[in-house]
Amino acid sequence: MLASQIHTDRMTKEQIHKLLYNNMDDDGKQGDCIFVFGSRNAVTYRVPKAVELYKQGRANKILFTGGVFNTPEARTMKSSAIQAGVSEKDIIIETRSKHTKENVLAALFVLDRAIGLHRIKRLLVVTTNYHMRRCLLTLQTYMPHWIEYSICSVDDQVTRADNWWLHEIGTKRVRKEINGLVKYIRQGQINDFEC
């Protein structure tokens, strides 16, 4: 079944799990840059993962995206990464985007200027696991077709694959994500996929 054909109000826990969490494992490959999607809690969950990948040598550049707050989250993430030992010269930031699609669109120009899109073969994608499907589809929709992706998800406390339905906040976040994902696919903003 295509994701665009899903009736989100009648989805079971198993269907939600399949849509958001299935086949979203890290392949362990090296890339040209670590692409970190911004969020309110990115410093807590996403920056440590990006720093870990960087220190493992899986990519020698990190791109932090996001400009939602008075101090854009990309700047806050950059400061946190530098404190954790990442060289400032290896950090790229994008500070104008307000949501996932804009993270990707604004990153196109930033990556092209910093690295050259023609040189990028693989991006390591960092976001929370329940948000990863939408991020991956958005990247696949708007980034050049030759770029491949390694999924480097992180868990937060209440939206893990093994507990989101046990917490009111987790359930609310996951349901909102499902509704948004299907809505964007139906609108043609991101590519549909078989789930």
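Is Ile178 buried or exposed, and what is its relative accessible area?

1. Ile178 is buried, with a relative accessible area of 1%, and the model from which this value comes is a predicted one. Since burial here requires a relative accessible area under 20%, the reader can check the label directly against the value of 1% for Ile178. The residue lies in helix 6, and, leaving aside residues up to four places away in sequence, Ile178 touches Thr8, Met11, Ile16, Leu19 and Leu20. The C-alpha atoms of Ile178 and His131 are separated by 9.3 Å, although the two residues are 47 residues apart along the chain.

2. Turning to the chain as a whole, the model contains 6 helices and 5 strands, and from the N terminus on these elements run in the order α-β-α-β-α-β-α-β-α-β-α. The radius of gyration of the chain is 16 Å, close to the 16 Å that the globule rule gives for 195 residues, so the chain is as compact as a globular protein of that length. Along its principal axes, the C-alpha trace spans about 50 × 35 × 35 Å.

3. Of the 195 residues of the chain, 50% count as buried, and the accessible surface of the chain comes to about 9800 Å², with 47% of it belonging to carbon and sulfur atoms. Among the contacts with a separation of 6 or more, 76% are accounted for by residues 24 or more positions apart. As for charge, the chain has 29 positive and 21 negative side chains, and the centres of these two sets lie 4 Å apart.

4. Helix 1, which covers residues 13–20, has Ile16, Leu19 and Leu20 as buried residues. They cover an arc of only 80 degrees around the axis, which puts them on the same side of helix 1.

5. Two residues in the loop between helix 1 and strand 1 deserve a look. Asn23 lies in this loop, with strand 1 covering residues 33–36, and Asn23 has a positive phi of about 55 degrees although it is not a glycine. As background, most residues other than glycine have a negative phi. Asn23 counts as exposed, at 70% relative accessibility. Asp25 is found in the loop between helix 1 and strand 1 as well, and Asp25 is exposed, with a relative accessible area of 62%. The C-alpha atoms of Asp25 and Leu136 are separated by 12 Å, while the two residues are 111 residues apart along the chain.

6. The last point takes up the two ends of the chain. Ser4 is found in the segment before helix 1, and, not counting residues up to four places away in sequence, Ser4 touches Ile185, Arg186 and Asp192. Ser4 and Met143 are 139 residues apart in sequence, and from C-alpha to C-alpha they are 21 Å apart in space. Glu194, for its part, lies in the segment after helix 6 and counts as exposed at 57% relative accessibility. With residues up to four places away in sequence again left out, Glu194 touches Met1 and Leu2. The C-alpha atoms of Glu194 and Glu14, which are 180 residues apart along the chain, are separated by 16 Å.

Key
Residues numbered from 1 in each chain as written. Heavy atoms only, no water. Helix = DSSP H or I, 4+ residues; strand = E, 2+ residues; numbered from the N terminus. Rg over C-alpha atoms; globule rule 2.2 N^0.38 Å. Buried < 20%, exposed > 50% of the residue type's maximum accessible area, 1.4 Å probe, protein only. Contact = heavy atoms within 4.5 Å. Areas by Shrake-Rupley, 256 points an atom, 1.4 Å probe, with all protein chains shown as cover. Lys, Arg positive; Asp, Glu negative; His and termini not counted. Charge placed at Lys NZ, Arg CZ, Asp CG, Glu CD. Arc of directions from axis to C-beta.
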